[in-house]
Amino acid sequence: MNNLDQIKIVLIETSHSGNIGSAARAMKTMGLTQLCLVSPKQPIDEQAVSLAAGAKDVLDNAQTFASFEEAIADCHIVIGTSARLRHLQNTLIEPRKCGEIAVQHTLKGKVALVFGRERIGLTNEELLKCHYHLNIPTNPEYGSLNLAMAVQLACYEVRMAWLAQQDLQKNSQISPLAERAAYPSNEALEYFFEHTERLYKELGFIRNDAVMLKLRRLYQRARLETNELNLLRGMLTAVEKYHF
């Protein structure tokens with residue numbers, strides 16, 4: 001299987017159908033085909049098809065979701081784009097690193113590259129559910145990028161990283177199916193976060209939202225493997241049985 005098919009481009013509440021079509025064109029030129037739309041303000045229409053310029057198949061196969069959480073539920077790595085730097089310093093990456101991380105993790109599961117609303121981007125709550133945050137180092141005096149431009153830049157770096165991976169595998173004759181760690185889906189992580197918050201509130205450890213935000217950042221940064229997550233969930237269950 002082409003591991004680029006493991007990478008999903010997720011567009012949140014896109015205002016203009018033409019931007020969906022332009023994003024599809026940007027994706028297809030770089031070999032990406034998995035387009036996901038979260039509550040688009042306009043459906044895919046003639047303008048979207050026109051601006052897709054031959055990438056109609058990407059539009060035809062696009063999936064539409066009612067919420068951000070549903071769109072990324074089966075993903076192991078979620079990379080959100082953001083121009084806001086505050087509170088995100090530890091997880092900020094530039095496009096080249098974004099491409100490398102995305103391609104590396106396709107060997108472990110699905111990856112989502114998430115682009116927010118044209119005017120306001122991603123919400124703080126959505127950003128907190130992303131493992132990494134892509135920031136494009138534009139001209140500080142004029143950093144205006146439209147949605148399709150941002151998608152094109154990210155997809156280009158993904159393709160360059162994928163081509164480098166193909167060369168490495170060819171030259172070293174390393175199988176892409178070599179032994180590797182298993183990572184939990186975003187849905188499994190969210191269940192763990194909810195379990196953690198519920199239990200810690202009952203124990204009196206969490207008294208305000210700031211504590212859970214810090215715990216979420218800690219666990220996201222640790223990149224828990226599936227067996228490690230199962231261990232932590234087992235610990236939570238044991239504490240519940242002992243105290244309640």
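**A parallel sheet and its salt bridges**

Within strand β6, Val-111 is the bridge partner of Ile-77. The model is a predicted one, in which local features need pLDDT of at least 70 and side-chain atom pairs count only at pLDDT 80 or more, while totals for chains, interfaces and linings use all residues. Residues are numbered from 1 along each chain as its sequence is written, and side-chain values use heavy atoms, with hydrogens and water left out.

Strands here are DSSP runs of E with at least two residues, helices are runs of H or I with at least four, and both are numbered from the N terminus; two strands pair if DSSP finds at least two bridges between them. Seven strands make up an open sheet with parallel pairing, in the order β3-β2-β1-β6-β4-β7-β5. At its edges stand β3 (63-65) and β5 (92-93), each of which pairs on one side only.

Salt bridges, defined as a side-chain nitrogen of Lys or Arg within 4 Å of a carboxyl oxygen of Asp or Glu, come to a count of eleven. One of them links Lys-8 with Asp-74, whose closest N and O atoms are 3.0 Å apart. Because Lys-8 lies in strand β1 (residues 7-12) and Asp-74 in the loop between α4 (68-72) and β4, this pair ties together parts that are 66 residues apart in sequence. Lys-8 is buried, at a relative accessible area of 6%, whereas Asp-74 is partly exposed at 32%; buried means under 20% relative accessible area, exposed over 50%, and partly exposed in between (1.4 Å probe, protein chains only).

Another salt bridge, between Glu-157 and Arg-96, has an N to O distance of 3.2 Å. Glu-157 lies in helix α7 and Arg-96 in helix α5 (residues 95-105), so the pair ties together parts that are 61 residues apart in sequence. Glu-157 is buried, with a relative accessible area of 10%, while Arg-96 counts as exposed at 55%. Salt bridges that share partners also join Lys-8, Asp-74 and Lys-110 into one network.

Lys-56 is partly exposed at 40% relative accessible area, and Asp-60 counts as exposed at 52%.
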